[in-house]
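Hello,

Here is the structure I promised to hand over. Please have it open while you read the notes below.

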Amino acid sequence: MRCVCSGAASKLKHVGGGCKVFFEVEGDPGAVMTLSRSTDSPLIGSFTYKRGEKHSVLAGFSLEPDALEKSVAEWQLVLEEFIPGIKLLSTFGHDWGGDDLSRGSWCTYRPGTVARFTDELPRQEGHLFFASGDHAQGWRGFIEGAIASGSRTAVQVAETLSA
């Protein structure tokens with residue numbers, strides 16, 4: 001029996017938005033992982049993306065609508081709150097929330113979505129199978145969740161083909 005919820009689930013857009021901002025910094029700050037304690041911070045968090053002796057790159061996430069327009073001087077002040085003494089050289093990034101092709105960033109469901117559609121999102125429809133890190137049972141929104149979801153779906157496909 002097909003649930004009428006699956007049509008609604010496929011039309012419902014998640015609320016994830018935001019920008020991925022890369023920060024080129026002077027020298028090697030080491031293995032960095034930051035998370036904001038404040039909902040007012042323009043930087044949700046950041047981590048070391050690439051280390052180098054002369055310069056390194058940190059990847060950060062922001063929900064600020066103008067995150068990519070902020071000047072180096074503005075971001076310098078923000079980064080210093082997390083990593084005192086850091087010297088910012090440049091910034092670049094991508095607005096995933098405003099991207100017409102992705103239509104969002106990391107998956108963030110609306111309240112009640114998971115409880116309402118938990119069985120519907122990965123449901124097989126005829127010969128069409130669904131796998132996604134966005135509705136994985138564990139590590140949702142991460143590559144580990146996508147791999148686990150893909151593995152489970154591959155087993156379903158193999159079982160269907162051998163039946």
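What radius of gyration does the protein have, and what would a compact globule of 163 residues have? The protein has 20 Å, whereas the globule would be near 15 Å. Please keep in mind that this is a predicted model.

**Overall build**

The C-alpha atoms fill a box of roughly 60 × 30 × 25 Å along the principal axes. The secondary structure comes to four helices and five strands. From the N terminus, the order is α-β-β-β-β-α-β-α-α. Of the 163 residues, 31% are buried. The accessible surface is about 10600 Å². Carbon and sulfur atoms hold 57% of that surface. Residues 24 or more positions apart account for 62% of them.

**The core**

The largest nonpolar core has 14 residues. Phe23, Val25, Leu58, Trp75 and Leu79 touch the most other members. β1 and α2 each supply at least two residues of this core. β1 gives the most, with four.

Helix α2 spans residues 72–82. Its buried residues are Trp75, Gln76, Val78 and Leu79. What covers them includes β1 (19–26), β4 (55–62) and β5 (88–95).

Phe22 also sits in strand β1. Is Phe22 buried or exposed? Its relative accessible area is 14%, so Phe22 is buried. Beyond its neighbours within four places in sequence, Phe22 is in contact with Tyr49, Val57, Leu58, Ala59, Ser90, Thr91, Phe92 and Gly93. Phe22 and Phe61 are 39 residues apart in sequence. Their C-alpha atoms are 8.5 Å apart in space.

**Salt bridges**

How many salt bridges are there? The count comes to two.

One joins the side chains of Arg51 and Asp28, at 2.9 Å from N to O. Arg51 lies in the loop between β3 and β4, and Asp28 lies in the loop between β1 and β2, so the pair ties together parts that are 23 residues apart in sequence. Both ends are in the middle class of accessibility. Arg51 is partly exposed at 49% relative accessibility. Asp28 is partly exposed at 39%.

Lys70 forms a salt bridge with Asp66. Here the closest N and O atoms are 3.9 Å apart. The cut-off is 4 Å, so this pair counts. Lys70 is buried, with 15% relative accessibility. Asp66 is partly exposed at 35%.

Ser149 is found in helix α4, residues 143–162. Why does Ser149 count as buried? Its relative accessible area is 5%, and buried means under 20%. Setting aside residues up to four places away in sequence, Ser149 touches Ala131, Ser132, His135 and Ala136.

Ala131 is placed in the loop between α3 (113–117) and α4. At 45% relative accessibility, Ala131 counts as partly exposed. Leaving aside neighbours within four places in sequence, Ala131 is in contact with Ser149, Gly150 and Thr153. Ala131 and Ser149 are 18 residues apart along the chain. Their C-alpha atoms are separated by 5.2 Å.

**A surface patch**

Which residues make the nonpolar surface patch of about 270 Å²? They are Ile44, Leu63 and Trp106. Ile44 lies in the loop between β2 (33–35) and β3 (45–50). Its relative accessible area is 34%, so Ile44 is partly exposed. Patch members need over 30%, and Ile44 has 34%.

**Where to look**

Then go to the Arg51 and Asp28 bridge. Next, view Ala131 beside Ser149, with which it is in contact. Finish on the patch made by Ile44, Leu63 and Trp106.

Best regards

Key: Residues numbered from 1 in each chain as written. Predicted model: local features only at pLDDT ≥ 70, side-chain atom pairs only at ≥ 80, totals over all residues. Heavy atoms only, no water. Patch = residues over 30% accessible without salt bridge, like charges linked within 9 Å, V, L, I, M, F, W, Y side chains within 5 Å. Areas by Shrake-Rupley, 256 points an atom, 1.4 Å probe, with all protein chains shown as cover. Buried < 20%, exposed > 50% of the residue type's maximum accessible area, 1.4 Å probe, protein only. Rg over C-alpha atoms; globule rule 2.2 N^0.38 Å. Contact = heavy atoms within 4.5 Å. Core = buried A, V, L, I, M, F, W, Y, C linked by side-chain atoms within 4.5 Å.
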